[in-house]
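Please read the following report alongside the sequence and the coordinates.

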Amino acid sequence: MREGRYEGSASRANFKIEAIDFSYFYGELRALKKINLRVRKNSLVTIMGPTGSGKTTFLRALNRLNDLVDNSSHSGKLLLDGEDVYAKGTDVGALRRKVGMVFALPTPLPMTIFENVAYGPRKKGVSSRAALEELVERSLKAAALWDEVKDRLDMPARQLSGGQQQRLALARVLAVEPEVILLDEPTSGLDPISTLRIEELMNQLKRSYTIIFVTHNPQQAARLQGEVAFFYLGELVEFGPAAEVFTRPRDKRTEDYITGKVG
Ligand SMILES: Nc1ncnc2c1ncn2[C@@H]1O[C@H](COP(=O)(O)OP(=O)(O)OP(=O)(O)O)[C@@H](O)[C@H]1O
Ligand SMILES: [Mg+2]
């Protein structure tokens with residue numbers, strides 16, 4: 001028994017994110033219904049599901065971007081490193097530095113490539129030129145963009161292609177040294193080649209970060225190696241390793257979705 005208990009607490013410590021009966025409401029609308037989901041440290045979870053299933057709501061709850069929505073509320077718990085992100089004492093600024101987010105449409109700031117990446121670290125208080133240069137280079141390398149831009153870091157970032165801008169958005173997130181990266185349909189505006197590059201990058205980055213990747217595309221969820229959560233009408237219908245969910249879905253709704261009958 002004692003062994004079981006030790007094992008229990010050890011494995012619990014490995015969960016970076018834990019939703020326990022977590023519901024989210026916009027006024028009367030319950031956008032998330034008692035979600036129970038655990039994300040291991042340094043792993044990749046893909047959330048797939050049709051439009052309106054609550055995918056974005058879940059991500060925006062995790063870094064409390066939804067706080068800005070009037071009349072929204074939650075019940076249940078959402079834990080990051082075992083601490084409730086909705087606890088009274090939560091430092092929301094610190095939470096958002098720890099939990100970075102990449103959106104569907106990259107929106108670089110109207111400044112150079114270098115300044116876009118240096119912006120977050122500067123705000124955090126990094127001021128030495130050498131330290132910023134090192135961080136910018138490291139972040140652009142980690143986002144697989146360095147080779148394409150290293151000779152033109154002073155170019156306006158908005159002159160980059162869409163695929164490059166999306167990797168720049170990722171570099172900007174990495175530059176503030178987050179622990180969790182949330183990506184909300186980051187490839188929806190990209191061509192197949194740029195999409196594959198982002199997907200490959202995810203499989204590398206998951207060694208050092210905990211990643212939640214949202215897509216409405218089941219093929220993409222199947223390509224990303226990791227675990228898959230299927231959201232449907234605000235419910236977590238199915239959760240498991242991608243290989244299992246796609247070959248032996250347990251729920252009829254998952255099967256219909258991955259075979260293209262819903263969504
Ligand atoms: N700011 C808001 N105010 C009111 N209702 C909202 C708000 N944002 C989302 N909703 C509602 O919550 C539900 C879930 O929306 P959400 O954006 O989380 O879905 P999604 O799975 O991300 O969809 P999509 O694939 O279209 O991005 C929807 O019914 C939506 O209309
Ligand atoms: Mg969404």
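Strand β3 (residues 44–48) runs parallel to β8, and the two are joined by five bridges, where strands count as paired if DSSP finds at least two bridges between them. Helices (H or I, at least four residues) and strands (E, at least two) are DSSP runs, numbered from the N terminus. Within this pairing Thr46 stands opposite Phe213 in β8. Strand β7 is also paired with β8 in the parallel sense, again over five bridges, and here the bridge partner of Leu183 is Phe213.

This is a predicted model, in which local features need pLDDT of at least 70 and side-chain atom pairs count only at pLDDT 80 or more, while totals for chains, interfaces and linings use all residues. Residues are numbered from 1 along each chain as its sequence is written, and chains are lettered from A and ligands numbered from 1 in the order in which they are written.

## The sheet as a whole

In what order do the six strands of the open sheet lie? The order is β6-β7-β8-β3-β9-β10, with mixed pairing. At the edges stand β6 (99–102) and β10 (235–241), each with a single partner strand, so one side of each is left without a neighbour in the sheet. From one strand to the next the twist averages 15°, taken between axes that are lines fitted to C-alpha atoms, with angles running from 0 to 180 degrees between N-to-C directions.

Strand β9 (residues 227–232) pairs with β10 in the antiparallel sense over six bridges, and Val228 stands opposite Gly240 in β10. These two strands, β9 and β10, form a hairpin with two residues between them, and Leu233 in the turn has a positive phi of about 45°.

Strand β8 (residues 210–215) is mostly covered, since six of its six residues are buried; a residue is buried if 20 or more other C-beta atoms, placed from the backbone, lie within 10 Å of its own. In a regular strand the side chains alternate between the two faces of the sheet. In β8, Thr210, Ile212 and Val214 point one way and Ile211, Phe213 and Thr215 the other way, and all are buried.

Ile181 belongs to strand β7 (residues 180–184). Why does Ile181 count as buried? Ile181 counts as buried because it has 23 C-beta neighbours inside 10 Å. Leaving aside neighbours within four places in sequence, Ile181 is in contact (C-beta atoms, placed from the backbone, within 7 Å) with Gly100, Val102, Val173, Leu205, Tyr209 and Ile211. Together, β7, helix α8 (residues 192–205) and β8 make a right-handed β-α-β unit, meaning that, with the strands pointing away from the viewer, the path from the first strand over the helix to the second runs clockwise.

## Helix α4

The buried residues of helix α4 (residues 113–124) are Ile113, Asn116, Val117, Ala118, Gly120 and Pro121, and the buried residues of α4 pack against α5 (129–142), α6 (146–149) and α7 (162–175). Just after α4, Gly125 adopts a positive phi of about 110°.

## Around ligand 1

Ligand 1 is surrounded by 13 residues, the closest being Tyr26, Ala31, Thr51, Thr56 and Thr57; a residue is near a molecule if its C-beta atom, placed from the backbone, lies within 6 Å of it. Both β2 (29–40) and α2 (55–62) supply at least two residues of this shell, and α2 gives the most, with three residues.

Definitions and conventions
Buried ≥ 20, exposed ≤ 12 C-beta atoms within 10 Å, placed from the backbone. Contact = placed C-beta atoms within 7 Å.
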